[in-house]
Amino acid sequence: MDFSDNRVLTENLRMGDEKAYMFLLDKFHRQLHAYALTLTHDPAMAQDIVQNVFLKTWKSRKKLNPNFSIRSFLYKSVYNEFINTYQKNKAMMLLHQKYVESTHEVVENTDENAIAKMITIVNTEIQKLPPKCQKVFILSKKEGLTNNEISEHLDISTKTVEAQITKAFGILKRKLGNRYETILLLIFGNNSQKTQFQ
């Protein structure tokens with residue numbers, strides 16, 4: 001059974017085929033979690049959103065349309081689940097909402113292989129950053145530490161932390177070019193905009 005075929009996968013999901021569901025989980029869980037993380041900046045919330053999306057997809061599987069992309073459906077579902085979560089918390093700010101919508105649009109309009117390839121190139125360039133610069137950048141953008149936390153952790157001033165992050169984005173932007181600005185935004189979120197687009 002070729003579950004990589006959208007119609008085959010969708011039709012088998014509609015019939016309640018658990019193997020099709022497991023394929024869906026294996027294929028999309030990691031990338032959906034990465035997407036949810038760019039929206040929430042909260043690993044626990046991102047995990048909850050993705051789990052809810054998969055559970056709801058399974059429960060409403062008979063409504064799935066084989067003519068529509070299951071990938072697009074899942075990404076839209078994650079986006080909608082995120083919006084619903086934020087509306088419940090009444091904490092959605094206009095600026096962040098615009099960022100979320102633009103990120104969603106990029107994901108919708110870019111081939112998943114192209115996104116994966118671009119993320120790989122970005123990560124490769126991060127590994128080439130000067131050691132101190134790379135360490136600060138990873139702690140900030142991948143581990144999610146605040147500038148103060150990094151300052152304490154590495155025993156350096158917050159101004160040094162800020163300078164290293166700005167330097168890292170400057171190097172990445174210079175090496176990767178303008179077309180990678182969106183993918184940097186997609187990976188690291190709108191908290192990097194001030195340094196990223198200077």
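Arg 7 is partly exposed, at 38% relative accessibility. Buried means under 20% relative accessible area, exposed over 50%, and partly exposed in between (1.4 Å probe, protein chains only). The model is predicted: local features need pLDDT of at least 70, side-chain atom pairs count only at pLDDT 80 or more, and totals for chains, interfaces and linings use all residues. Residues are numbered from 1 along each chain as its sequence is written, and side-chain values use heavy atoms, with hydrogens and water left out.

**Salt bridges**

Arg 7 pairs with Glu 11 in a salt bridge. The term means a side-chain nitrogen of Lys or Arg within 4 Å of a carboxyl oxygen of Asp or Glu. Glu 11 is also partly exposed, at 34% relative accessibility. Both residues lie in helix H1 (residues 6–14), four residues apart, about one turn of the helix. Helices (H or I, at least four residues) are DSSP runs, numbered from the N terminus.

How many salt bridges does the structure hold? There are three. The table lists them.

| Salt bridge | Closest N to O |
|---|---|
| Arg 7 – Glu 11 | 3.2 Å |

Lys 56 is partly exposed, at 46% relative accessibility. Glu 81 is buried, at 8%.

In the remaining pair, Lys 128 is exposed at 52% relative accessibility. Glu 125 is buried at 13%.

**Helices H2 and H3**

Two packed helices are described by the angle between their axes and the distance between the axes. Helix H2 (residues 18–40) packs on helix H3 (residues 43–59) at about 145°, with the axes 9 Å apart. Axes are lines fitted to C-alpha atoms over the stretch in contact, and angles run from 0 to 180 degrees between N-to-C directions.

Contact means heavy atoms within 4.5 Å. From H2, the contact residues include Tyr 21, Leu 25, Phe 28 and Leu 32. From H3, they include Ile 49, Val 50, Phe 54 and Trp 58. By class, the contact has 15 nonpolar, five polar and one charged residues. Ala, Val, Leu, Ile, Met, Phe, Trp, Tyr, Cys and Pro count as nonpolar, Asp, Glu, Lys and Arg as charged, and the others, Gly among them, as polar.

**A buried arginine**

Arg 61 lies in the loop between H3 and helix H4 (70–89). What is the nearest side chain of opposite charge to Arg 61? It is Glu 18, 7.9 Å away. Arg 61 is buried yet has no salt bridge. Lys and Arg count as positive and Asp and Glu as negative; His and the chain ends are not counted. Leaving aside neighbours within four places in sequence, Arg 61 is in contact with Leu 13, Arg 14 and Gly 16.

Ser 151 belongs to helix H8. Is Ser 151 buried or exposed? Ser 151 counts as buried, at 13% relative accessibility. Beyond neighbours within four places in sequence, Ser 151 contacts Ile 156, Ser 157, Thr 158 and Val 161. The C-alpha atoms of Ser 151 and Val 161 are 6.5 Å apart, across 10 residues of chain.

Asp 155 is in the loop between helix H8 (147–154) and helix H9 (158–176). Asp 155 is exposed, with a relative accessible area of 71%. Phi of Asp 155 is near 55°, a positive value in a residue other than glycine.

How values were computed: Helix = DSSP H or I, 4+ residues; strand = E, 2+ residues; numbered from the N terminus.
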